[in-house]
Amino acid sequence: MKNPLHLLFSILFLLLICNACYSQKIIQALKINEVITIDGQLDEPVWEKAESTNGFSTWQPTPGLSPDKDAEVKLLYDNEALYIGVFIEEVSRDSIMQQLTQRDELGNTDWFGFFLDTYQSNNNALEFIVGSTGVQFDAKLVQNQNEDSDWDAVWFSEVNLTDKGWFIEFQIPYSAIRFPKKDVQHWNINFIKYQARTGEKSTWNAIDPTGAFFLTQSGSIEGIKDIKPPIRLSFSPYVSAYFQRNKDQEAVPIKSSGYSYNGGMDLKYGINDAFTLDMTLIPDFGQVQSDDNIINLSPFEVRFNDNRPFFTEGIEIFNKGNLFYSRRVGGTPMRMYDVEDQLQEDESIVDNPSETQLYNATKISGRAKNGLALGFFNAVAGETHATIHNEETNENRRFMTAPLTNYNVIILDQNLKNNSTLSLTNTSVIRQGAAYYDANVTAATFDIKNKQQSYGVYGDYALSQKFYNDQETEQGYRYNIGVEKITGNFNYGVYHEAKSKSFDSNDLGFNRNSNNHEYGLWANYSIYEEFWNRFNRANFWFNYTQLHLHDPRVYTSSFINFGFWTQDKKFWQYNMWFNIIPKNDDYFEARTDGYFVDVPLNYNAGLWLGTDSRKKFRINGSLFGFNVEEKDRYGYGTRITPRYRFNDKFTAQLSINYEHFINSNGWVDFGENDEPIFGRRNRQTITNVLSADYTFSDKMGLNFRLRHYWIKVLYNQYFALNDDGQFINTDYSTDQSFNFDLFNIDLNYRWRFAPGSDLFLNWKNNIAGSYLASDTTLEEIHYLKGVQGLSQLPQENSFSVRVVYYVDYLNIQKKINRNPRANQ
């Protein structure tokens with residue numbers, strides 16, 4: 001057999017010999033000295049002198065057609081900002097859809113925007129959109145990642161609706177973007193518009209969905225010269241106040257309350273034309289949306305989204321290498337769950353914080369004109385202590401659950417030809433104190449494409465290290481490599497990933513499990529044009545995965561998945577999927593080395609249906625069934641989500657999710673000799689989420705979200721495991737059955753009273769625990785009784801107000817220049 005490296009290099013050579021090109025439109029920018037008033041009128045005479053462009057082409061649902069209505073775009077610039085004037089044709093004013101939403105949300109409304117790539121990288125851009133209601137949306141775009149709509153800039157826009165169409169006027173200050181420091185600028189741009197009544201998206205420079213990444217199919221701006229990157233310096237100081245009121249029927253006293261005040265600041269500074277420093281001092285994240293917590297019965301950690309603005313805005317470069325999970329920073333103290341083991345006689349836990357105190361966090365990010373990007377992240381979290389009370393002596397003592405900790409990430413990412421990249425990432429966690437270890441992970445990542453960007457080879461190698469104070473070092477590694485076809489209607493790929501048994505990136509990353517080899521192949525076929533005289537888009541897919549342990553090297557399982565999604569001409573959507581898992585050996589569920597569970601063949605299937613989202617009433621729902629090739633073991637579930645738009649300001653949605661698994665097997669405990677104990681259980685889960693949004697104006701809105709999660713698990717039999725992964729009888733008799741309720745309310749009012757400045761009012765309610773009435777058995781309890789018992793569970797209420805004020809250095813400088821006496 002030939003050397004596999006020779007084969008790999010041969011494949012790379014064949015991929016790189018292809019070539020392709022895309023037509024590129026050009027818009028000329030006109031430099032001006034006149035003052036432009038951003039009012040949506042476009043009535044300054046200089047707009048008449050600007051070159052106009054039109055000729056949009058549909059992108060969705062069917063690409064390459066002339067849109068229902070065209071748009072005319074003009075572009076001006078001066079020494080401070082870029083100005084874009086737009087007129088979009090329409091049948092009448094009533095044809096322009098106008099659902100009012102909060103900033104960074106696009107509902108059932110017409111909108112217009114553009115992608116701006118000032119470094120012509122073809123894989124990074126900024127996105128600016130304005131709805132017909134005047135609502136602004138901005139985001140960062142990165143290849144192979146979703147829109148980062150948490151990125152916020154300060155820019156200006158106004159709209160003007162008429163009987164023949166609508167006007168938009170943009171002003172994008174240079175302080176809101178980055179561009180190279182040179183005499184003549186060459187920027188990529190593509191304009192995009194959405195017509196809600198037809199569901200039609202169209203772009204100025206045509207985009208072929210079967211082609212390369214859509215940013216490579218942009219047009220360009222010519223004529224911008226002799227502008228300089230401004231000083232980019234802004235401050236966002238904040239003050240916040242909290243009132244906390246708690247209620248616990250078993251506490252003394254039953255009710256308690258308290259209050260607190262906080263203050264801090266975010267700072268943003270443009271180090272040069274390409275790189276930006278972001279810093280948060282004494283951050284306050286008490287008003288972010290509550291997590292959707294669950295009872296986790298699996299052997300793997302649950303991953304939660306990070307809703308903290310500093311850790312979601314502009315974080316895209318730190319996702320390279322998949323080593324940074326921002327929830328680790330200021331997250332759960334590493335020894336929080338050890339406090340129970342520290343209790344002595346007559347002691348109880350008074351306080352055990354679930355989060356560490358974050359002192360500060362800093363980010364430096366940007367990409368130079370040579371295509372080299374730098375990402376630097378650093379954060380410091382303080383010591384965290386649990387408080388333990390001795391009832392006999394009436395004294396408190398503290399137990400450290402987390403030491404002073406420094407988190408650090410450094411990333412170098414080099415753009416290569418053909419939207420290829422090469423990256424180096426290093427993460428480290430340094431903890432103070434001899435009782436704690438330090439951790440470091442280093443990874444090299446590559447993504448190489450041919451000139452046509454139709455094929456690619458990607459992969460990475462990561463080394464994890466833990467440094468203990470006895471000089472011992474624990475090392476592990478991870479690697480993966482894949483080859484894929486990524487353009488055209490039919491795409492496919494193969495990949496291999498391996499993780500050693502000791503690989504661990506969880507000090508600052510998220511690693512679901514180690515000790516595995518994964519082999520996989522995938523294929524999908526997409527249709528972007530009308531077919532069968534009924535549908536306008538569709539996607540069909542097939543995935544096959546095979547898993548082996550790394551140590552010992554044994555086969556564990558396979559997974560087959562296939563299905564389809566399609567959309568009809570009335571914008572109804574249909575989805576169906578099938579999963580088959582042949583007989584396998586599960587080495588993770590037992591939570592103990594040397595044990596595995598023999599799992600019979602099982603399979604599941606599901607379908608999903610969604611009606612037209614443009615209508616006032618929309619409903620989507622899914623249904624799935626699960627079956628195991630073993631008597632009386634199955635499951636089923638459904639989710640129904642109706643949404644009603646009462647008017648253009650008020651929308652409400654209810655999501656109902658129900659799951660029921662009969663006679664499923666799972667780990668429950670360890671026996672007297674630390675052997676894993678399994679139980680056969682019936683599990684019911686109901687999750688209801690009610691959300692409502694009322695938007696007063698494009699700068700003021702109210703958001704409400706209620707979530708109730710209820711679970712009941714009844715065990716009917718317990719087992720031990722033999723060496724063949726089969727269940728055997730055991731004397732274990734501790735009943736592990738339970739029910740649990742989790743109830744959250746988040747009510748948030750936001751008023752943007754000045755550019756970049758906000759007032760927030762927030763109410764958060766949390767109820768969690770298990771309640772069983774004295775006259776009710778666990779078998780008899782059901783969801784409605786769980787709802788009735790919520791009033792008996794511990795309850796936390798938090799009321800807060802937060803004010804953030806945006807201060808821009810350039811605005812201060814302008815005021816000083818207009819009033820020279822201020823300097824005297």
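Modeller: Before we start, partly exposed here means a relative accessible area between the 20% under which a residue is buried and the 50% over which it is exposed. And keep in mind that this is a predicted model.

Biologist: Okay, is Phe650 buried, exposed or partly exposed?

Modeller: Its relative accessible area comes out at 27%. Buried needs under 20% and exposed needs over 50%, so Phe650 is partly exposed.

Biologist: What kind of aromatic pair do Phe650 and Tyr694 make?

Modeller: A search of the whole structure turns up 55 aromatic pairs. For Phe650 and Tyr694, the ring centres are 6.2 Å apart and the planes sit at 45°. Stacked needs under 30 degrees and edge-to-face over 60, so this pair is tilted.

Biologist: And how many residues apart in sequence are the parts that this pair ties together?

Modeller: Phe650 belongs to strand β38, residues 650-670. Tyr694 belongs to strand β39, residues 676-697. So the parts tied together are separated in sequence by 44 residues.

Biologist: Which kind of pair do Tyr694 and Phe696 form?

Modeller: Their centres are 4.9 Å apart, with 65° between the planes. Edge-to-face takes an angle over 60 degrees, so Tyr694 and Phe696 are edge-to-face.

Biologist: What is the relative accessible area of Phe696?

Modeller: Phe696 counts as partly exposed, and so does Tyr694, at 31%. For Phe696 the value is 37%.

Biologist: Switching to charges, which ring does Arg802 lie over?

Modeller: Elsewhere, the charged end of Arg308 sits over Phe285, 5.5 Å from the ring centre. Arg802 is 4.6 Å from the centre of its ring, and that ring belongs to Tyr238.

Conventions. Residues are numbered from 1 along each chain as its sequence is written. This is a predicted model: local features need pLDDT of at least 70, side-chain atom pairs count only at pLDDT 80 or more; totals for chains, interfaces and linings use all residues. Side-chain values use heavy atoms; hydrogens and water are left out. Rings of Phe, Tyr and Trp (its six-membered ring) pair if their centres lie within 6.5 Å; planes under 30 degrees apart count as stacked, over 60 as edge-to-face and the rest as tilted. Helices (H or I, at least four residues) and strands (E, at least two) are DSSP runs, numbered from the N terminus. Buried means under 20% relative accessible area, exposed over 50%, partly exposed in between (1.4 Å probe, protein chains only). A charge sits over a ring if NZ of Lys or CZ of Arg is within 6 Å of the ring centre and within 35 degrees of the ring normal.
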